[in-house]
Amino acid sequence: MIQNKTRVETIENAVVDVLRAVGEDATREGLIGTPNRVARMYGELLSGYNVDPNELLNGALFDVEHEQMVIVTNIEFQSLCEHHMLPFTGTANVAYVPDKKVVGLSKIPRIVDMYARRLQIQERMTKQIAETVSTLVEPLGVGVTLTGSHMCSTIRGVRKQNSLMTTSCMTGSLKSDSLLRSEFLTQIQIDKQ
């Protein structure tokens, strides 16, 4: 707890410095609690650094004879861009082809959240999700797509309100088998409708 208290105090002090640097009075009524609120917010938004993927799995790996693809679609995520620390939000779709084992349904969204709750770029996050599912579940193949809206390009910079970024990562059979990959990509399009 001391470490967390130290982190909170460090962030609070930094926020006070930022407020002063932009010309604000950090002691005025509307801002008095802001440094603490910001510190607690970062604790929540960046909680993924404190998650161990093996503990997250918590034994929810089951022996099942299922050879067809398992797909979890429309997993909402919120993250912070590592370049500007602005939010990006979107949806993830994760598929895997089991090899004697399936993972508990809630674990896939938890893996997405673990990586979303870190300073990120979408490309890396996509790959991290695929690699973690591959490592923990040991399937024949994994497919991951993420579609996100990035505030760093919607409220600043180019200011394109409707721009979306889509990234993908395929491993194993989903990378090598074009029919299987096509089935995954078709299914996630159907689920959007």
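Which residue stands opposite alanine 95 in S6? The legends below answer this and describe further close-up views. The model is predicted, with local features requiring pLDDT of at least 70 and side-chain atom pairs counted only at pLDDT 80 or more, while totals for chains, interfaces and linings use all residues. Residues are numbered from 1 along each chain as its sequence is written, and side-chain values use heavy atoms, with hydrogens and water left out.

**View 1. Strand S6 and its two pairings.** Glycine 143 in S6 is the residue that stands opposite alanine 95. Strand S3 (residues 87-97) pairs with S6 in the antiparallel sense over ten bridges, two strands being paired if DSSP finds at least two bridges between them. S6 is also joined by seven bridges to strand S7 (residues 165-171), again in an antiparallel arrangement, and here threonine 167 of S7 is the bridge partner of leucine 146. Because nine of the ten residues of S6 (residues 141-150) are buried, the strand is largely enclosed by the rest of the structure; buried means under 20% relative accessible area, exposed over 50% and partly exposed in between, with a 1.4 Å probe and protein chains only. Helices (H or I, at least four residues) and strands (E, at least two) are DSSP runs numbered from the N terminus.

**View 2. The crossing of helices H4 and H5.** The axes of H4 (residues 107-116) and H5 (residues 122-137) come within 10 Å and cross at roughly 135°, where axes are lines fitted to C-alpha atoms, for helices over the stretch in contact, and angles run from 0 to 180 degrees between N-to-C directions. That makes H4 oblique to H5, since angles under 35 degrees count as roughly parallel, over 145 as roughly antiparallel, 65 to 115 as roughly perpendicular and the rest as oblique. The contact, meaning heavy atoms within 4.5 Å, includes Ile108, Ile111 and Tyr115 of H4 together with Met125, Ile129 and Leu136 of H5.

**View 3. Glycine 104 in its loop.** Glycine 104 lies in the loop between strand S4 (101-103) and H4 and is buried, with a relative accessible area of 14%. Leaving aside residues up to four places away in sequence, glycine 104 touches Ala60 and Phe62.

**View 4. Serine 47 between two helices.** Serine 47 lies in the loop joining helix H2 (34-45) and helix H3 (53-57), where this serine is partly exposed, with a relative accessible area of 26%. The C-alpha atoms of serine 47 and isoleucine 121 are separated by 16 Å, the two residues being 74 residues apart along the chain.
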